Amino acid sequence: MLIEAAILIPAVGAVLIGLTGRYPNLREAVTLVSAVSMFVVVWQIYLALNRGDILTVELLQVVPGLSLAFAVEPLGMLFAMVASFLWIVTSIYSIGYMRSHHEQNQTRFYVCFALALSSVMGLTFSANMFTLFIFYELITLITYPLVTHSGTDEAKRSGRRYLGYLLGTSIGLQLLAIIWTWTITGTLDFTEGGILAGKTTDVVIAILFALYIFGIGKAALIPFHGWLPAAMVAPTPVSALLHAVAVVKAGVFTVLKVTLYIFGIDLLATTGASEWLIYVATATILIASIIAMSKDNLKARLAYSTVSQLAYIVLGAMLASTMGIIGSGMHIAMHAFGKITLFFCAGAIMLASHKTEISQMRGLGRTMPFTMMAFLIGSMSIIGLPPTGGMWSKWFLVMGTLEAEYYIPLLVLLISSLLNVAYLLPIAVRGFFSEPEDMLPENRPKGIKEAPLPCLIAIAITSLGCVALFFYPEPVYELMQSIAE
Amino acid sequence: MISQHLPVLQVVVPLLFAPICILLRRHNLVWGVVLLSCWTSFAIAMLLLQQVLTGGEIVYAIGGWDAPWGIEYRLDILNAFVLLIVTGIASIVITFARESVHKEISEDRIYLFYTAFLLHLTGLCGVIITGDAFNIFVFVEIASLSSYAMISACRDRRALLAAFRYLILGTVGATFILIGIGLMYAMTGTLNIADMAERIRDVEDTRTIVSAFAFFTVGFCIKFGLFPLHYWLPNAYTYAPSVVSAFLSGTTSKVFIYVLLRFLFLVFGVEYAFETMHLDIILMVVAIMAIFSGSIAAIYQDNIKKMLAYSSIAQIGYMILGISLVSVSGLMAGILHLFNHALIKTALFMIVACFFFRFDSVSLKDLKGVGRQMPWTTMAFVIGGLSLIGTPLTVGFISKWYLIIAALEKDWWWLAVLILLGSILTVIYIWKVIEVIYFQSSDSQSDTGAIVYKEAPLSMLIPVWVIIFANIYFGVNASWVTDIAQQAAVYLMAGQ
């Protein structure tokens with residue numbers, strides 16, 4: 001029952017939001033209520049999992065052996081908790097943002113948002129690859145109206161890129177891999193240790209694995225990353241929750257699921273199917289970081305930073321080692337909190353001071369001290385500095401490379417952290433210590449001018465979350481450890 | 001008592017109601033009669049399928065004259081299933097048709113149109129159910145002649161030219177079919193399909209049978225519009241009344257593919273058709289070309305009906321591709337797609353009929369921003385389009401799934417890649433429409449700023465949503481259909 005509830009609550013919420021669309025206050029209250037109740041349900045599932053209950057649901061069989069089924073396992077649990085918690089925060093943020101930005105079609109925005117979360121819940125609790133694929137595709141389709149929200153030509157162009165990349169890879173590569181797996185094994189159930197071991201040749205396994213990894217376009221591995229910067233045309237709350245957390249994490253989550261439960265790390269370690277992909281991931285980390293440095297638009301820089309951070313998670317999975325998997329899983333949570341904070345700040349800066357380019361943000365710390373402080377914390381978490389949660393996931397990823405004895409990725413991880421420092425820290429530092437250049441002293445805005453209160457509350461929660469995860473990473477670690485064993 | 005005579009009633013009911021339509025003339029009344037007759041046919045088809053599923057093959061001798069003297073009707077799992085598709089689509093289309101027909105066909109011809117509709121249904125049912133080769137030709141002609149009449153009934157004058165082209169090519173096809181049947185008759189001395197299948201073994205090396213095989217196959221390929229013999233199809237579907245496009249795309253091509261299946265697998269035999277004559281290679285190449293040429297042509301269309309027509313060419317390619325794999329799963333995919341594509345394309349053409357009903361145009365440039373004016377219709381289009389693409393939880397996915405499995409079973413991964421590339425092309429042309437109907441603001445709307453709510457009438461909207469619901473239902477709960485398709489495929493591969 002709990003699993004159905006987690007999926008249905010946001011869906012029902014979407015219907016109610018649609019019905020109450022005429023009354024903005026009621027509509028947003030419905031959004032918040034569904035977000036909170038979804039989190040409560042997910043929390044109940046977490047408690048049940050900790051008690052050792054086994055939660056599974058089989059909704060229906062499409063054809064014999066191919067069923068729509070759900071099951072709770074630790075990795076999905078982690079992702080579900082992160083996504084459902086951050087939905088509450090993002091809802092608070094959206095209220096402030098959408099109103100003061102005077103966006104059009106707000107009802108459609110909230111409806112699609114709730115539906116996207118419903119699909120994310122379906123994805124996290126999928127018990128087999130078929131179910132996962134369904135929700136994976138649903139997420140793409142439902143978030144499309146959010147990307148093209150403004151309806152401008154640029155938005156439409158970006159929407160086309162978004163769909164082109166995501167549907168192209170998922171239909172062209174991932175679906176092929178899924179059906180191929182089915183013809184080889186006759187099952188698509190997620191099974192510990194994988195389902196492909198001993199069923200086919202090493203060459204086929206290597207090809208299949210590559211089809212899966214590149215077919216999961218949401219993981220934004222180069223060369224299939226182009227949709228993510230394009231998606232930044234969406235309103236900031238969408239970029240924050242969906243394109244820093246829900247959608248992209250759905251991608252890396254799928255990568256982890258496939259690695260763990262379709263192939264199994266032992267199979268990958270023995271066949272070496274993932275070896276060359278380690279270098280694809282490391283290349284993505286480096287290239288995306290370098291591109292990020294060259295971007296002056298803040299959201300674009302954050303988008304490329306996301307591409308690079310997602311590759312960390314993929315890298316951890318490709319290492320096929322215990323520590324690597326733990327690091328990957330933890331990075332899902334840590335990066336989520338860090339990046340959503342940064343996006344919230346970017347939106348807040350845009351609202352309060354109408355600035356989108358980094359070069360305009362010198363001295364911004366004087367008028368928006370709170371936002372810039374949060375930006376600093378978010379940046380530190382992405383870089384992996386204490387006292388933020390980002391440190392732990394980087395720690396385990398580095399351990400993973402050592403355990404698997406890959407030294408080039410280790411080196412790249414270290415270089416990349418330096419690159420992160422180079423492209424993120426200056427924004428906050430210049431915000432506080434530089435003088436705004438292009439203004440005469442008397443024209444400078446005086447006093448504090450921050451974003452609306454709901455936005456600030458949201459920013460406070462996520463940036464405190466980054467810090468809290470440094471001191472209390474145990475729940476995340478324990479969930480991941482129980483898989484890796 | 002009556003249940004014994006169901007096979008003949010399947011053909012007789014629409015045939016008898018057709019002249020009644022001419023007598024009645026008043027179009028609402030005529031519509032009622034046709035509606036009744038279509039749903040009766042559908043009920044009969046369901047009962048027949050039930051009988052076949054429980055009791056096996058049904059043989060019915062017309063007038064009590066046993067074969068080979070008389071004509072016999074024969075029903076097995078394959079044609080009982082095709083009957084169900086055809087009568088089901090006819091029923092849903094006719095339920096939908098009233099308003100649309102009233103709009104698109106001039107008043108004094110409406111009753112004639114409905115008569116032709118029933119005759120077409122008669123012809124199709126006859127082709128499916130009969131066990132006699134010459135009888136097939138007769139019914140093919142009934143179906144074809146009535147379809148030329150239906151296409152030319154449109155107010156648009158271009159329909160006349162389209163119907164005429166179809167008439168010329170259709171007649172060439174029918175003649176080929178007749179030559180094929182004649183040659184087979186000359187060599188085997190029988191017109192009964194079951195007898196023919198037994199006797200053709202002894203004479204299959206002769207040049208006459210080779211010619212018969214070629215004429216017969218090419219004749220039917222013209223009839224269902226297989227690439228490169230599809231020249232007539234796009235215009236016929238585009239300029240026909242919308243209801244006719246929906247009906248023809250869902251039924252006619254399926255029936256002709258079925259006849260080809262029956263003759264290839266059950267008369268000529270797998271060995272002869274695919275090992276001696278190598279038809280599988282020819283069909284596969286042609287099918288792949290159909291998929292790509294049809295889909296690419298569809299991308300460049302501005303007229304949605306023409307786009308769907310080209311898409312039909314591609315989808316026929318998928319069905320033939322499944323057949324050309326000559327394996328149980330390949331055939332199963334082909335037969336499944338007969339059913340699934342009927343649901344998809346009929347739904348889409350019906351939706352386009354709704355657009356035409358409100359906007360007098362099916363051109364993309366006139367449909368900007370329709371999404372706000374007709375939210376339910378456009379929502380149906382999105383679901384139908386997703387089904388055409390082959391998104392999971394829709395019927396389109398089930399066909400693609402089995403087709404790719406069939407390709408991978410032979411280790412032809414390149415074929416699986418081609419099939420999926422076809423899906424991606426489908427995404428492009430469907431999304432082109434979705435972008436226009438949702439994300440472009442209409443010209444009339446920008447003047448006033450207010451949204452004019454122009455939803456299609458309920459009498460059109462409900463049938464559309466019934467068939468859209470079927471698209472989802474059979475995509476989610478596909479066991480029943482896949483089971484029948486599998487039985488039919490096994491039956492065909494066994495070759496008796």
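Student: In this predicted model, what makes strand 1 and strand 2 of chain A a pair?

Tutor: The two strands, the latter at residues 66–71, are joined by 6 bridges and run antiparallel. Pairing requires at least two bridges found by DSSP, so the 6 bridges qualify strand 1 and strand 2 of chain A as a pair.

Student: Which residue of strand 2 of chain A is the bridge partner of Glu58(A)?

Tutor: The partner of Glu58(A) is Ala69(A). The hairpin formed by these strands has 2 residues between them, and Gly65(A) adopts a positive phi near 90° there.

Student: Why is Ala320(A) called buried?

Tutor: Ala320(A) has 27 other C-beta atoms within 10 Å. The threshold is 20 or more, so Ala320(A) is buried.

Student: Is His278(B) buried or exposed, and how do you know?

Tutor: His278(B) has 10 other C-beta atoms within 10 Å. A residue with 12 or fewer is exposed, and therefore His278(B) is exposed. Although not a glycine, His278(B) also has a positive phi, of about 55°; the residue is placed in the loop between helix 10 (242–276) and helix 11 (279–299) of chain B.

Student: Which residues are in contact with Met318(A), leaving aside its neighbours within four places in sequence?

Tutor: They are Ser274(A), Leu277(A), Ile278(A) and Ala281(A). For Leu277(A), which is 41 residues apart from Met318(A) along the chain, the C-alpha separation is 6.7 Å.

Student: What is the peptide bond from Ile222(A) to Pro223(A) called, and what is its omega?

Tutor: That bond is cis, with omega near 10°. Pro223(A) belongs to the loop between helix 7 (202–215) and helix 8 (227–230) of chain A. In chain B, Phe227(B) and Pro228(B) are also joined by a cis peptide bond, with omega about -10°; Pro228(B) sits in the loop between helix 8 (207–224) and helix 9 (233–239) of chain B.

Student: How do helix 12 and helix 16 of chain B cross?

Tutor: The axes of helix 12 (residues 304–324) and helix 16 (residues 395–409) of chain B come within 10 Å and cross at roughly 35°. Their crossing is left-handed. Tyr318(B), Leu321(B) and Gly322(B) of helix 12 meet Ser399(B), Leu403(B) and Ala406(B) of helix 16.

Student: How many residues of chain A and of chain B are in contact?

Tutor: There are 22 residues of chain A in contact with 23 residues of chain B. On the side of chain A that touches chain B, strand 1 (56–63), helix 5 (129–147) and helix 6 (153–185) each supply at least two residues. Helix 6 of chain A gives the most, with 12 residues. By class, that side of chain A divides into 14 nonpolar, 6 polar and 2 charged residues.

Key. Residues are numbered from 1 along each chain as its sequence is written. Chains are lettered from A and ligands numbered from 1 in the order in which they are written. This is a predicted model: local features need pLDDT of at least 70, side-chain atom pairs count only at pLDDT 80 or more; totals for chains, interfaces and linings use all residues. Two residues are in contact if their C-beta atoms, placed from the backbone, lie within 7 Å. Helices (H or I, at least four residues) and strands (E, at least two) are DSSP runs, numbered from the N terminus. Ala, Val, Leu, Ile, Met, Phe, Trp, Tyr, Cys and Pro count as nonpolar, Asp, Glu, Lys and Arg as charged, and the others, Gly among them, as polar. Axes are lines fitted to C-alpha atoms, for helices over the stretch in contact, and angles run from 0 to 180 degrees between N-to-C directions. A crossing is left-handed if the near helix is turned anticlockwise from the far one by less than a right angle, and right-handed if clockwise.
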